[in-house]
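Subject: Structure for you to look at

Hello,

Here is the structure I promised. Please open it first, then read my notes below.

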Amino acid sequence: MLLEYNHGGVLPQMKIIYRDKVWELKGNMTVRDAIKKVGLHPEAVLAMRDGELITDDVTAGPDDTIKLIAVVSGG
Amino acid sequence: MKCKKCGTTAVINMRQHRLALCQHCFLEWVPQQVQRAVEKFEMFVPGERVLVAVSGGKDSLSLWDILLRLGYPVDGLYINLGIADGNYSDVSQQKVERFAAKQGAQFRVVNVATEYGLSIPEVSRRKRGRSTCSTCGLVKRHIMNQVACEGGYGVLATGHNLDDEAATLFQNTLHWATGYLWRQAPVLPASHPRLARKVKPLIRLYEREMAAYALLRGIDYIYEECPYSRRATTLFYKELLNQLEETSPGAKEMFYLSFLQARQEGRLLPPERSQVKMGECQRCGQPTTVPDLCAFCRLWDVEGIEPQRHGETQV
């Protein structure tokens, strides 16, 4: 499991999960900004929270776990 | 963000259309786009027998689902390529089998190794000078056409989406591959009695929309990429086009649809090669532009191996 942008401390942080990677981000931000912050293209992923698909204008915070689904798959 | 149609919470925002939709409206909208493509490009009409080539991925399984929802009695074809890495082919086949069982849909399986003696990676290793992806494409095209023709299907549908087509167009344009550019179309007419018409009903839809459709419909598809395509140039071109899309929503769509329009208006001229008359392969009988053996039969001419058909698995 890869942890990036983890600045430590005791405060909960937003979790971004993509394939076998996990990032932890500080503060509140839109899902779109979070996708860009972890170096992915908003066009190349879909975002899910609590098993539901969400649009990337949604603001996510420290208690949120956002699962990103790669849109390119199969072959 | 709210659904533009009904005002409830949207699940997807399609920036190129300035359209956000909720789950219900999106799942209605996608088949409408497919139906529009089927009609606009005159792909097929109700009553025609359609065979959909399914890989177990999101696009082809979604295409099958959409065509069934639209009321077309479509059968599936799964080609097991024998890719053992991560049990890729067998897992993909299971996805297809489960989907078909759930839908009560008919499908056929052709196992390349069982039927012709070698899996795709094996034949690719023995035949130097041709990449695995190129070998795979050739074998799939041959088998798809063969099954379609022998099964009496006039139409063969594949799950190419707009991102697939835009990436191919980008690649062909970079190389100014005019022959390929001329042949890249939503519909390839049956130019020979033993060729099925090939159609791509998903060409109006972005890859992202197809992934969303599969997720929202609960379609269990193979999420992992083919182990051989992970470094494919197509994926790199898709990434480049997505960068363009990021700054200019609709760029991918404009690139591809403008090309189709130019083609339709006769601004692209057919190359001389397209005038070549097709003959039939002396071994398998399928149409070919070269004398003697077609590219598929030549592929198997390694170390004295001849393609042996041991019969087709039918489910």
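Which side chain does a polar contact of 2.7 Å join to that of A:Arg32? The partner is A:Asp56. Keep in mind that this is a predicted model.

Stay with A:Arg32 for a moment. This residue sits in helix 1 of chain A, which covers residues 31-37. Is A:Arg32 buried or exposed? Buried means under 20% relative accessible area. A:Arg32 has 16% relative accessibility, so it counts as buried. Leaving aside residues up to four places away in sequence, A:Arg32 touches A:Pro42 and A:Asp56 in chain A, and B:Arg15 and B:Glu246 in chain B.

Now turn to strand 4 of chain B, residues 74-80. Seven of its seven residues are buried, so the strand is largely enclosed by the rest of the structure. Both faces are covered. One side carries B:Val74, B:Gly76, B:Tyr78 and B:Asn80. The other carries B:Asp75, B:Leu77 and B:Ile79.

What pairs with strand 4 of chain B? Strand 3 of chain B (residues 50-54) does, in the parallel sense over five bridges. Strand 5 of chain B (residues 107-111) also pairs with strand 4 in the parallel sense, over five bridges. Find B:Tyr78 in strand 4. B:Val54 stands opposite B:Tyr78, and so does B:Val109 of strand 5.

Finally, trace the helices. Strand 3, helix 2 (residues 58-69) and strand 4 of chain B make a right-handed β-α-β unit. Strand 4, helix 3 (residues 88-103) and strand 5 of chain B make a right-handed β-α-β unit too.

Best wishes

Methods:
Residues numbered from 1 in each chain as written. Chains lettered and ligands numbered in written order. Predicted model: local features only at pLDDT ≥ 70, side-chain atom pairs only at ≥ 80, totals over all residues. Heavy atoms only, no water. Buried < 20%, exposed > 50% of the residue type's maximum accessible area, 1.4 Å probe, protein only. Helix = DSSP H or I, 4+ residues; strand = E, 2+ residues; numbered from the N terminus. Pairing = 2+ DSSP bridges. Right-handed = clockwise from strand over helix to strand, strands pointing away. Polar contact = N/O pair within 3.5 Å; in protein donor to acceptor, adjacent residues only side chain to side chain. Contact = heavy atoms within 4.5 Å.
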